Amino acid sequence: MHVTRPDFLGSQIRAALCALHDDLNAADPLLAQRAHAYSSSLASGGALEEYFASDWGYPIFTLPAWLAQTFGHASHRPFLRAVTYATLNGYLFTRLLDDVMDADRSTDLQLLPLTAFFHSRFERTFARYFTPRHAFWKTFDAAWLGASAAAVRDAALRDISLATFQRVS
């Protein structure tokens with residue numbers, strides 16, 4: 001089955017970025033300012049929407065829509081909007097930690113408190129849809145903690161071959 005890039009990708013990402021901006025400003029204007037500067041640096045001067053909608057980025061934002069289409073279910077737009085917002089926060093959380101751990105970029109360690117915001121918004125989104133005892137959380141925890149363990153293993157590597165990268169990833 002051929003699955004195409006959804007037409008609504010740009011509007012989904014735009015809405016998630018606006019919600020993130022609004023939520024950060026409501027939480028703390030200083031956090032909002034720091035988060036905006038950091039996230040803007042990822043796009044290297046370009047628009048954040050285009051950064052996330054680029055060929056490398058769009059699959060992580062459209063996976064839920066692709067799954068719904070593959071399984072023959074009509075897309076549930078409010079849920080997809082929520083998952084896009086969660087994905088944005090999950091990405092920023094992971095990217096910030098990865099930048100610090102890899103020391104690839106001149107990432108300001110004073111940005112680390114932003115991870116609390118990004119993580120809470122990432123997880124809170126799913127809590128609205130899945131009760132605490134739902135089977136979703138077992139899979140969520142395994143994947144989320146597995147990604148954290150992979151980051152720790154990755155940070156300890158000195159020589160990374162393709163096989164090592166594939167094993168850790």
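**Surroundings of Thr125**

Thr125 touches Ala82, Val83, Tyr85 and Ala86, not counting residues up to four places away in sequence, where contact means heavy atoms within 4.5 Å. This is a predicted model, in which local features need pLDDT of at least 70 and side-chain atom pairs count only at pLDDT 80 or more, while totals for chains, interfaces and linings use all residues. Residues are numbered from 1 along each chain as its sequence is written, and side-chain values use heavy atoms, with hydrogens and water left out.

- Thr125 lies in helix α6 (residues 114-127), helices being DSSP runs of H or I with at least four residues, numbered from the N terminus.
- With a relative accessible area of 2%, Thr125 is buried (buried means under 20% relative accessible area, exposed over 50%, partly exposed in between, with a 1.4 Å probe and protein chains only).
- A polar atom of the Thr125 side chain lies 2.7 Å from the backbone oxygen of Arg121.

**Aromatic pairs**

- The count comes to 17 aromatic pairs, rings of Phe, Tyr and Trp (its six-membered ring) being paired if their centres lie within 6.5 Å, with planes under 30 degrees apart counted as stacked, over 60 as edge-to-face and the rest as tilted.
- Tyr51 and Phe52 form an edge-to-face pair, 5.0 Å centre to centre with 75° between the planes.
- The rings of Phe52 and Tyr91 are also edge-to-face, because their centres are 5.4 Å apart and their planes at 90°.
- This pair links distant parts of the chain, with Phe52 in helix α3 (residues 48-53) and Tyr91 in helix α5 (residues 77-102), 39 residues apart.

**Exposed residue**

- Leu162, in helix α8 (residues 162-168), is exposed, with a relative accessible area of 60%.

Technical notes: Helices (H or I, at least four residues) and strands (E, at least two) are DSSP runs, numbered from the N terminus. A polar contact is a pair of N or O atoms within 3.5 Å; within protein, one must be able to donate a hydrogen and the other to accept it, and residues adjacent in sequence count only if both atoms are side-chain atoms.
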